[in-house]
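Work through the exercises below with the sequence and the model open. Each task is followed by a solution in steps.

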Amino acid sequence: MPGERRASRVLLTGWFSFPDGEATAGDVLALHRVEDVLRRSAIPYDVAWSPGFRPGALHLDDVDAGRYGRLVFLCGPLHGPQVEALHRRFPHCLRVAVGTSVIDPDGPAVTGFHHVLARDAPRSEPALDLAARAPAPALPAPPVAGVVLTHGQHEYGTARRHDVVAREVGSWLHGKDCARVELETRLDTHDWRLCATPAQLESVLGRLDLVVTDRLHGMVLALRAGTPALAVDPVEGGAKVTAQARACGWPALVAAERLSAGELDRWWHWCLSSGVREARRVRDEFAGYAAARDGAEGLLEALGAGRAG
């Protein structure tokens, strides 16, 4: 019967459903845990998403409440007018909260549910968070990319393409399935968000799968850590990034005037395959005697060391 089908369908909601809510990794993993349980029990369901997070998905404001006989609110705290509004919007539904935090057991956001399967509540033993038992992600895991970009270097004048490069690289990275870690080569002993020593930054770089950068030292320090660097020279015609890539014998370089998604994709795949071995080779050269000559080699001569005073 149509009515019976409506009564059996579940609408999954959470803080990730509200227009001004937010989707956290924990919330989405909690959702995956609930979805897995419902799928294995052959229970039909839909998910309501915030339009700011998933513009093309089902949104709470567009939901036909009459299609559902059961509503589940998962994860996050049970409080506030947004949660209370669900009770008024879906008065005909069986309403269940699961994996939530209960702050005020007598509050209308809580008492409006027929069942509350809390993860923590006053005078109750805590339950394991739903995210802890979410299905394991498919392998292989997305790569972890360090991102080191600059908007400065005004000394290059009209040849500067830094803003264009940062914008286009950022837009391209937005479409990649990867974990992005924004990094800064600037050190600061007062700001906890920045590294205070080169060793701290190198410790991060050595744990990444690759680095995407338009900075000379973004490339050099990545290679010093044995991590492939996808370097973009942000100066039209090539400048210090291009010169340093040549000095390092590093091929993964994109010129500002040749910047395109296709060119970035090509070197991205190379960095995650052949580039891994090549970056380690360059690292070993840096540490050994086979490295190219640098300015320190001629410093003593330039200083006149060893000459009679």
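**Exercise 1: a salt bridge**

The side chains of Arg-119 and Asp-129 form a salt bridge, with an N to O distance of 2.8 Å. The model is predicted: local features need pLDDT of at least 70, side-chain atom pairs count only at pLDDT 80 or more, and totals for chains, interfaces and linings use all residues. Residues are numbered from 1 along each chain as its sequence is written, and side-chain values use heavy atoms, with hydrogens and water left out.

Task: State which parts of the chain Arg-119 and Asp-129 tie together, and classify Arg-119 as buried or exposed.

Solution. 
1. The criterion for a salt bridge is a side-chain nitrogen of Lys or Arg within 4 Å of a carboxyl oxygen of Asp or Glu.
2. Arg-119 belongs to strand 5 (residues 115–120) and Asp-129 to the loop between strand 5 and strand 6 (144–148), so the pair links parts 10 residues apart in sequence. Helices (H or I, at least four residues) and strands (E, at least two) are DSSP runs, numbered from the N terminus.
3. Buried means under 20% relative accessible area, exposed over 50%, and partly exposed in between (1.4 Å probe, protein chains only).
4. Arg-119 has 18% relative accessibility and therefore counts as buried, whereas Asp-129, with 26%, is partly exposed.

**Exercise 2: a pair within a helix**

Solution. 
1. The structure holds 15 salt bridges.

**Exercise 3: the cavity**

Task: Which helix gives the largest share of the lining of the largest cavity?

Solution. 
1. On a 1 Å grid over the protein atoms alone, a cavity is a set of points where a 1.4 Å probe fits but cannot get out; lining residues have an atom within 4 Å of a point.
2. The count is 1 cavity of 30 Å³ or more. The volume of the largest cavity is about 30 Å³, taken as the space filled by probe spheres set on grid points joined across faces, edges and corners.
3. Its lining includes Val-148, Glu-184 and His-217.
4. Helix 6 (198–205) and helix 7 (216–224) each supply at least two lining residues, and helix 7 gives the largest share, 3 residues.

Conventions: 1 Å grid on protein atoms, 1.4 Å probe; cavity = no way out; pocket = protein on both sides within 12 Å on 5 of 7 lines; lining within 4 Å.
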